[in-house]
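Please read this report alongside the model. It covers pockets, a sheet, packed helices and cavities.

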Amino acid sequence: MRIEFSGGAGTVTGSSHLLRVRDKRVLLDCGLYQGRDEKDKGNDVFAYIPSTIDHLILSHAHIDHSGRIPLLYKRGFRGRIIATPPAAALCRILLMDSAYIHEQDAEWENKKRQRKGLGPIEPLYTSKDAEGALTLLEEVDFNHPTELFEGFKMNFLEAGHMLGAAITEMHIQEEERKIKLVYSGDLGNQGIPLMKEPVEVTEADFLIMESTYGNRLHPDNQVEHEELIKIINDTYRRGGNVIIPSFAVGRTQELLYILNEFQEAGKLERGVKVYVDSPLASKSTAIFKEYSRYFDSESKEKMRRGDHVLEFRNLFFTESVEDSMKLNRTQKGCVIISASGMATAGRVRHHLKHNLWRSECSVVFVGYQAHGSLGRIIQDGAKQVTLFGEEIAVNAKIHSFSGLSGHADRKGLYNWVKAIRKGPKEIFLTHGDPEASEALRELLANDGYNVRVAKEGDIVPIKDYVKLVPKTADFDLEKRTVEAALSNLRKKEELIKYIETLDFQRESADEILESMENIIKKQ
């Protein structure tokens, strides 16, 4: 058996880890790179051959963990996709929405290319690809051990990160050797509205673990909730609007829960109107209601008493583009919760364009902002930003709340590891900026744990355990093999694109062969 780290290693997005067990290949997540990660790494090529993947275990539906599944399908994957029922339901809307965005982006880009006399590009994947991928989904509930194939059993545990998010326990047997590998997925923060606490794992031989907030502690949740209401009320009194870039799935529903509590307590100004301006958020909120049996006990008790925790007075869901545009003509009294959470796309960019320059308005970031994203640029103190080709001054008051994050902080991650009474022999840290992963590595190493920060392209054979790290020569050889395969895959992609756009009327046979030879010779 071996683990190949091909995404979400050294980065916060693009999670994807390949397990080779016996003659099978099992993929843990298949996420989209976002923000700076997308610019640096690109999403178009995999470090493995998609058609060779037998099973894909999906930790949860967020796009940085699921967003390249349609591309995997497009490139030949026809294996099983295993997810919890709520994660599968959310995936069905998220992947279709993602495909639509890629189609729209390609259409927009091709209009510009046509004016320049350039050939068209194709979207990363289409709605048809997403539809095909979704036919491969199989639902496995929490605490329902399942054998994927002989020698490989898996079990989902509550991760507490978002609806349907799972920790995956894997019991693997090769010949006489048995190991337990645990993949944390994204671990939830303490006290997230609606969500149960992350389940503690009691034993693990090897652990693949996220490290998003490995170098930071979250402030007290209740303090931040009170501060959020104060910001909303103060902005209302100043005559401005509050713009909250928010992930449509998870964070938006948690915000609605918090606002519902404060309105019931009479702490929210009566004139404030809350708009959820995202069709995707509206659909996902409906799924949250449908799967409310997965909520924590407190939320379920409130609902039993008749409290509709995701509904309250002066809450509106906008659907049409026209309704969204009307909000941009509203000068005051609005809280606009709109996707995307990092302000990289979607309707929230229009709301920022119309409110960011106004000193009476506020912008509130309630989740992690990846390097290179518009949210991170604003968060880091930019005085002006470019939106739709126009320079916009940043005069609004900018606020950031990490306590509203869906991720466990440094203490939460540490305590989760400490709860493992037996093992682990080695911990692989993923899903974190280098400084966050390294800080968590030092913390755990100081307690005697064998920890490494996984890097993209790392190949780790799980052998009879003496020391997990292979000899340098063997490791370099393995890594060179993957790099060569990746280079060849890129050449194949380029050849296919070239052949699809061939014009036999304009190019001679010799010219065609020369162009193909140049592609093949590329390093």
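## Second largest pocket

The second largest pocket has a volume of about 310 Å³. A pocket here is an open set of points on a 1 Å grid over the protein atoms alone, with protein on both sides within 12 Å along at least five of seven lines. Its volume is the space filled by probe spheres set on the points, which are joined across faces, edges and corners. Of its 17 lining residues (an atom within 4 Å of a point), N189, Q190, D409, K411 and G412 lie closest to the centre.

Helix α13 (residues 410-418) gives the largest share of this lining, four residues. By class, the lining of the second largest pocket holds five nonpolar, seven polar and five charged residues. Nonpolar covers Ala, Val, Leu, Ile, Met, Phe, Trp, Tyr, Cys and Pro; charged covers Asp, Glu, Lys and Arg; the others, Gly among them, are polar.

## Basis of the model

This is a predicted model: local features need pLDDT of at least 70, side-chain atom pairs count only at pLDDT 80 or more, and totals for chains, interfaces and linings use all residues. Residues are numbered from 1 along each chain as its sequence is written, and side-chain values use heavy atoms, with hydrogens and water left out.

## The seven-stranded sheet

Seven strands form an open sheet with mixed pairing, in the order β7-β8-β9-β10-β11-β20-β21. Helices (H or I, at least four residues) and strands (E, at least two) are DSSP runs, numbered from the N terminus. β7 (146-149) and β21 (451-453) are the edges; each has a single partner strand, so one side of each lacks a neighbour in the sheet.

β11 (residues 206-210) and β20 (residues 426-430) pair in the parallel sense over five bridges; pairing takes at least two DSSP bridges. E210 has T430 of β20 as its bridge partner. Helix α14 (residues 434-445) lies across β11, β20 and β21, at about 175° to β21. Angles run from 0 to 180 degrees between N-to-C directions, and axes are lines fitted to C-alpha atoms, for helices over the stretch in contact.

## Helices α4 and α8

α4 (residues 85-115) packs on α8 (residues 279-290) at about 170°, with axes 10 Å apart. That makes α4 roughly antiparallel to α8 (over 145 degrees). In this contact (heavy atoms within 4.5 Å), α4 uses A89, L90, I93, L94 and D97, while α8 uses L280, K283, S284, I287 and F288.

## Cavities

The structure has four cavities of 30 Å³ or more. In a cavity, a 1.4 Å probe fits but cannot get out. The second largest cavity holds about 50 Å³. Its lining includes R36, D37 and H371.

How values were computed:
Parallel < 35°, antiparallel > 145°, perpendicular 65-115°, else oblique.
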